[in-house]
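Let's go through a few labels together and see what stands behind each of them.

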Amino acid sequence: MLNAPPYPTVLKPYGRALVDLAREREEIVCLSGDLTRQTEVDLFQEEIPARFINAGMAEANMMSMAGALARCGHIPFVHTFGVFATRRPFDQIVNSVAYPNLPVRIVGFMPGVSSPGGPSHQAIEDVAIMRALPNMTVIDVADAVEIRQAVRAIVDLPGPVYLRLKRGEIPVIFGDDHEFSLHHAQVLQEGHDVALMASGMMLASSLAAAAVLETAGVSASVVNIPVIKPIDASTIVRVALGARAVVTAENHTIVGGLGSAVAEVLAEAGLGRRLRRVGLQDTFAEGAQSAAWLFRKYHLTTQDIVDSAWVALDRTDAAPTAPVLVTPLGEYSPV
Amino acid sequence: MVAPHGFGYLGQALSSAELLAALFTGPFRPNTDKFVCSPGHYIIAVFAAAPDLGLLTDADLSSYGEDGSRFEAVGTERSPVVDLTCGSLGQGLSGAIGFALSAQLRGNRDSRVFSLVSDGELEEGQTWEAAMFAAHRGLGNLTVLLDANDSQVDGPVSWVTTVEPIAAKWESFGWAAFDIDGHDPHALTAALSMALDDSRPSIVIARTSTGHGLSCLPDGADGHFIKISPELVEAAVAELETRLA
């Protein structure tokens, strides 16, 4: 079951889920790189201080320590912004975490252009570089329901995980009956013209784009792909087979992320489906006060998904126009 | 281990031999304590010491550096004897801190963590992130054995950059530092003992040379990765046998 936009929002679903799980699991330890409130683990610090470690603004040391803690039987959840979780300590993730295949959970907040903090704060290639690492599981969830389930789903994975999370108000898109899976992408609606495949923050806009396309007589399937590695190739192939074109949507560069992963699957399956990748077109993102402005400037909107579907279907007439949703304070709508 | 290949990490073994001997014949308890070999290139010295500890056989070492061997020349996850090693320099101390922190979190006051670190690794920023964190958390169960052999790939550490004053740096970070002759077994034993008695994280700065113990090595022999001729191997073996006779 899916809610309809504008979506209700909740605060700190991740922080609460981690504390709840950690009360059951003594092995869980929580590391923060001087971004404790921003990564929702102020809850952990307050409620389970004995297992909270502030590593300070020293990400390289934090990652290598987390690896050694995992060797001792702890399950470290490591928190900072996505940029600082993946760029600065990349060599440490490779050698202290990924190569030894240790159960470190790296949680990177503020994905893609959801931050107007400039290119230094925008994790636009984190999925690509984490996906390139052997042993790493890469997850980009769409809403609060998935977040709560994902925390539980990953805790006992034997290897490392990169979990990419939106910061701040988190939309509730799915109903309580939603089941997050590490193995299966979810087909949220079936269509026969174009397949929209999305992860993370772009799921809401893909659902909105499908509704707009439907008004123009175009039938779209929507696939939610929160687990980008290992990717569910069979679902992607099955849905793509039933459509004439595929559009991927990711809040990330189109180089190396979801769009690339889907392209690899389609090519290896020998499927000649036209593919369009919505995402940052190999560029850094500058000049904003608001995230919504960046989503528009860099073509990450519902309209951009509609337009991409239109082009992928070889349509030469005008594409339908996506309505601008009025979003009350405290609710969330895709741009 | 170096001679059959005609090349290898001989300098590291020569500079750290007494340091590792003092640790392994002294305070180190294999099943209770943790040992980290931060610079993976030093794994040759650990392997060379292991048969005397009953942890490896001489036969094991015959495959060192060969294709398919688990005894790779630069330490890997498959390297035996050590609890942790890493070929990408500067990460081992953070790993050692992870071990020490785990003991602290679990209230284990008995387990000690020893980490071999090289002076070249002092150039890596992560080393200082780690040093700051260890003192802040009061990890008194952690001892660093620093092989200050003044050698890195491009030449002497002191020529590449200035890492001195080493002891004063660590002391200012809140560590106990013991600056000694790293080829003097008595000084090493005494420094390790004082390090273990100190409630702060501690560092034994062992001043060493990559040519120590082999006077047949030519002046300017590469301390990081040496190419060694069969004639020089023969001279080295003869020198060692004469001394031990």
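Q: What makes α4(B) mostly covered?
A: Of the 14 residues of α4(B), 12 are buried. A residue is buried if 20 or more other C-beta atoms, placed from the backbone, lie within 10 Å of its own. Among those that pass are G92(B), L93(B), I97(B), F99(B) and A103(B). This is a predicted model, in which local features need pLDDT of at least 70, side-chain atom pairs count only at pLDDT 80 or more, and totals for chains, interfaces and linings use all residues. Residues are numbered from 1 along each chain as its sequence is written, with chains lettered from A and ligands numbered from 1 in the order in which they are written.

Q: How do you know that the reach of helix α4 of chain B is close to the one expected?
A: The expected span is 1.5 Å times one less than the number of residues. For residues 92–105 that gives 20 Å, and the helix reaches 20 Å from its first C-alpha to its last.

Q: Why is strand β4 of chain A called largely enclosed?
A: Seven of the seven residues in this strand (residues 75–81) are buried, so the rest of the structure largely encloses it.

Q: What makes β2(A) and β4(A) a pair?
A: Two strands pair if DSSP finds at least two bridges between them. Here there are five, in the parallel sense, and C30(A) has F77(A) as its bridge partner. On β5(A), five bridges again join a parallel neighbour to β4(A), with H79(A) opposite V107(A).

Notes:
Helices (H or I, at least four residues) and strands (E, at least two) are DSSP runs, numbered from the N terminus.
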